[in-house]
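Student: I would like a close look at a single part of this model, taken slowly and with the terms spelled out. Could you walk me through it in one connected answer?

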Amino acid sequence: MANTWGYGAMTNHVGDVAKNAKMMLVIGANPAVANPVGAMKHIIQAKDRNNATLVVVDPVYTRTAAKADMFIRIRPGTDIAFIYGMLHLIFKNGWEDKEVIRTRTYGVEEIKEEAKHWTPEEVANVTGCKTEELIQFTRMFAATKPATLFWALGITQHSVGHSNTRILSILQLVLGNMGKEGGGTNILRGHDNVQGATDMNCLADSTSGYYGLGDGAWKHHCKGWGVDFDEFVKRFAVSTKEPREKLGEPVKGTNFKEYFYHDSANPEDRNWRNEKGYSLAKWWQGVLKEEKTYSSGNLRVLWVQGTGITSMAHTTKIQQALDKLDMLVVAEPFLNEVAILSDRPDGIYVLPVATQFESEGYVTATNRAAQWRTQIIKPIYESKEDQEVMFLFAKKFGFYDEYVRGMKMGIVDGEIKQVKDDFKWPDDATDEIARNTQSIGNNGRTAARLRKHQENWHNFDPDTQMGRGPVEGEYYGLPWPCWDEKHPGTPILYDVSKPYAEGGMGFRNRFGLEHNGVNQLADESITLPGSKVKGGYPQITKENIEKVLGITLTEDEKRKMGPSWSDDYSGIIAQKCREAGVCPCGNARARAVVWEFLDPIPKHREPIHSPRWDLVQKYPTFEDQAKNFRVASKFISEQQEKDWSKEFPTVMSSLRFVNLSGAGMIERTSKYLASITPEMFAHVHPSLAAKYGIKDRDMMWIHAPQGTKIKVKCYYSYSVTPNNICLPYHFAGIMQGVDLSHRYPEGTKPYTIGESSNTITNYGFDPVTQISEFNAGLCRLEKA
Ligand SMILES: Nc1nc2c(c(=O)[nH]1)N[C@H]1C(S)=C(S)[C@@H](COP(=O)(O)OP(=O)(O)OC[C@H]3O[C@@H](n4cnc5c(=O)[nH]c(N)nc54)[C@H](O)[C@@H]3O)O[C@H]1N2
Ligand SMILES: Nc1nc2c(c(=O)[nH]1)N[C@H]1C(S)=C(S)[C@@H](COP(=O)(O)OP(=O)(O)OC[C@H]3O[C@@H](n4cnc5c(=O)[nH]c(N)nc54)[C@H](O)[C@@H]3O)O[C@H]1N2
Ligand SMILES: [Mo]
């Protein structure tokens with residue numbers, strides 16, 4: 001179980017990197033620590049096998065950087081400026097892939113315009129890198145094909161995180177590295193099954209399979225679940241009858257409307273089913289209400305199942321919220337330290353949940369491939385598997401029958417209906433997911449196929465993922481999209497060099513047929529081998545299928561077919577597309593301009609708390625958001641309140657350890673893992689420490705702008721500069737200098753406890769994902 005902090009799916013896979021990449025940029029990730037087996041091994045292999053070059057761009061000299069051919073240090077939160085600096089040189093020298101831009105993209109002109117501003121001198125001024133470094137690296141990166149990118153949290157954990165992820169994809173588009181072996185964007189996902197959790201949308205702003213929020217999405221799901229839509233909607237609070245203007249207007253000068261309101265035509269009709277929920281980052285405001293919130297009532301209960309709450313920002317706020325709740329439930333294999341944060345004497349329930357070794361089913365890996373896992377042992381003691389806990393919950397609240405009905409459904413002669421009285425876990429759950437999440441092309445990922453892949457591990461090629469013998473012609477784990485039961489899966493997204501039946505596909509046609517009068521479909525020269533349709537084509541719907549594919553449907557087919565490829569339980573659209581060698585989601589242009597975002601093209605904006613007051617004036621952050629998910633969020637008013645850097649001159653960023661993960665409770669309860677890092681600390685450059693009279697291994701206070709502080713050990717390190725420190729976030733159990741040991745139930749205290757760095761994570765969120773600005777905040781050191 002996991003929450004979802006990555007943003008975007010990996011286009012290629014690590015086997016592909018090892019075999020094909022010639023150039024690798026790791027920007028805002030530290031795989032040597034965070035993904036040593038899952039990625040770093042393959043990066044090293046690419047160096048050995050292909051003589052590939054590895055470049056690391058990071059504020060910190062990391063263990064990954066230690067293996068790099070080139071390391072470029074930039075100030076946290078300035079990646080957009082850095083990449084525009086590359087684009088500036090690329091366009092100036094004509095290094096862009098003009099053919100790809102002409103045939104497969106939209107809006108690159110606007111990027112080119114913005115890039116003009118980013119001269120090497122301005123990039124050096126903003127990012128702190130040297131102009132020669134930028135020039136040397138860009139020349140090398142643009143000249144070497146194929147080149148791939150890796151990124152993770154150094155990119156996403158920023159108030160501009162969503163723009164960061166976009167500018168990197170745009171760089172790869174412009175250089176023609178997308179949809180190519182050895183190219184693409186390899187976004188390293190975090191926890192086990194983070195990709196799967198994202199696909200299932202364990203998120204506050206969408207539904208399973210990225211169907212979004214809206215009655216269209218709910219109707220699709222209800223159909224798959226065998227649940228009556230009109231009955232289903234009764235489970236939600238409806239309509240506050242508050243006039244729309246009272247609920248907060250979109251901020252002037254933004255085109256962010258879609259993110260504020262669901263699309264009901266009636267402003268009175270505020271159906272909570274179609275509103276974003278509270279996110280993990282700011283749920284506590286639903287209790288504390290210090291900022292304006294939008295909900296049908298106060299939050300009264302917190303149910304925690306598989307996420308360590310001390311790993312979230314603003315632990316003091318979380319602590320206050322916990323005190324005020326009616327009830328806290330923790331359903332986990334370990335005692336989650338959220339249970340000891342609060343001072344409350346009762347109202348905390350800890351339910352023992354089985355680990356992954358005691359359960360069965362599939363997870364989705366970072367490359368969109370599924371892995372089937374068998375149960376090693378039955379749940380021990382009184383613990384229950386996660387789904388058992390949820391089933392008991394559903395029974396208690398009276399919706400068990402509806403909850404499990406989806407697993408009893410099936411397609412009979414093109415129509416979805418209940419086909420059995422009972423279900424088999426986890427096979428029927430897997431098949432339900434395959435049936436219902438057509439939106440990512442999940443239909444071919446059935447339990448039977450995934451079990452077969454597990455039994456044939458030895459029969460897959462680690463480089464290409466291609467199977468042999470009993471799994472001949474299939475890619476390992478059927479990476480989505482896997483359009484139907486005959487489809488092999490898609491190892492590399494957007495690869496137009498392969499036929500549809502071998503995993504080829506164009507860019508998805510998701511944003512209309514034209515924009516500002518410009519056709520959004522791929523050029524006529526872009527045709528998948530064997531495709532009946534030449535050039536670009538729209539996503540396939542019931543309305544256009546006959547015209548696009550040049551076929552005639554029977555009346556029976558028309559009756560059974562759903563309105564579009566992503567909402568067609570009958571499977572007829574997929575079947576017709578297969579016959580025509582056409583990809584159901586279309587063959588379109590990748591857009592560099594997202595017209596509905598606050599910043600349609602990525603723009604450098606200084607972090608909410610920036611060390612450069614001069615640049616805060618030049619590159620201010622976003623307008624305050626009256627409603628972001630369910631909470632008002634400050635952006636510019638917080639940033640420009642004052643020059644925070646006068647009082648808090650030092651930048652801080654996050655660090656991970658090989659021996660600890662996430663909130664760290666799991667490993668800190670292991671004697672051996674705990675002993676590797678026996679205490680909480682921060683890496684500080686000796687020159688910075690000297691300013692405050694702090695010696696190596698001295699205790700020090702770190703103060704944050706919101707008035708919080710932590711007491712940790714100072715470890716001298718040259719991995720950081722005198723301008724910034726970095727610190728791990730895997731500790732809890734001490735809060736602003738106060739030891740909470742007495743609150744652990746007997747026998748549950750881990751071998752090591754310490755301050756959580758998230759007590760001093762600064763205020764600041766990304767407006768699209770609401771991720772906290774974990775990787776760019778300000779602080780001040782003080783000798784303790
Ligand atoms: N400062 C700072 N904060 C960060 C980050 C950072 O870089 N810097 N990173 C962020 C990121 S990317 C993430 S993903 C989060 C990670 O933070 P968390 O999500 O807190 O990560 P874990 O500590 O792995 O939490 C997993 C929890 O799930 C429980 N668990 C394990 N297996 C099972 C199971 O099978 N069933 C159930 N029910 N429970 C289970 C464990 O007991 C544990 O409490 O932290 C975020 N916070
Ligand atoms: N051992 C271990 N492995 C883990 C985890 C763990 O807790 N322990 N967590 C897992 C999870 S949930 C995740 S999401 C992944 C995370 O994987 P990573 O993101 O690779 O892990 P981090 O250590 O947070 O690395 C982020 C890097 O970004 C840099 N950085 C910070 N700010 C910036 C910036 O503005 N620009 C640039 N270019 N770089 C910046 C940091 O210095 C750091 O080196 O790791 C996973 N693997
Ligand atoms: Mo993560």
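Tutor: Y84 touches I111, E114, A115, W118, I167, I601 and P602, leaving aside residues up to four places away in sequence, where contact means heavy atoms within 4.5 Å. This is a predicted model, in which local features need pLDDT of at least 70 and side-chain atom pairs count only at pLDDT 80 or more, while totals for chains, interfaces and linings use all residues. Residues are numbered from 1 along each chain as its sequence is written, and side-chain values use heavy atoms, with hydrogens and water left out.

Y84 also belongs to the largest nonpolar core, which has 51 residues, and is among the members that touch the most others, together with F82, I83, M86, L87, F137 and F141. A nonpolar core is a set of buried Ala, Val, Leu, Ile, Met, Phe, Trp, Tyr and Cys residues joined through side-chain atoms within 4.5 Å, and buried means under 20% relative accessible area with a 1.4 Å probe, protein chains only. Helix α4 (residues 79-93) gives this core its largest share, ten residues; helices here are DSSP runs of H or I, at least four residues, numbered from the N terminus. At least three residues come from each of domain 1 (1-190) and domain 2 (618-783), with bounds from an automatic or database domain assignment. Apart from this core lies another, of 27 residues, including M652, F681, I702 and I760.

Helix α10 covers residues 161-174, and 13 of its 14 residues are buried, so α10 is largely enclosed by the rest of the structure. Just after α10, G176 takes a positive phi of about 70°.

Definitions and conventions. Chains are lettered from A and ligands numbered from 1 in the order in which they are written. Helices (H or I, at least four residues) and strands (E, at least two) are DSSP runs, numbered from the N terminus. The expected span of a helix is 1.5 Å times one less than its number of residues. Buried means under 20% relative accessible area, exposed over 50%, partly exposed in between (1.4 Å probe, protein chains only).
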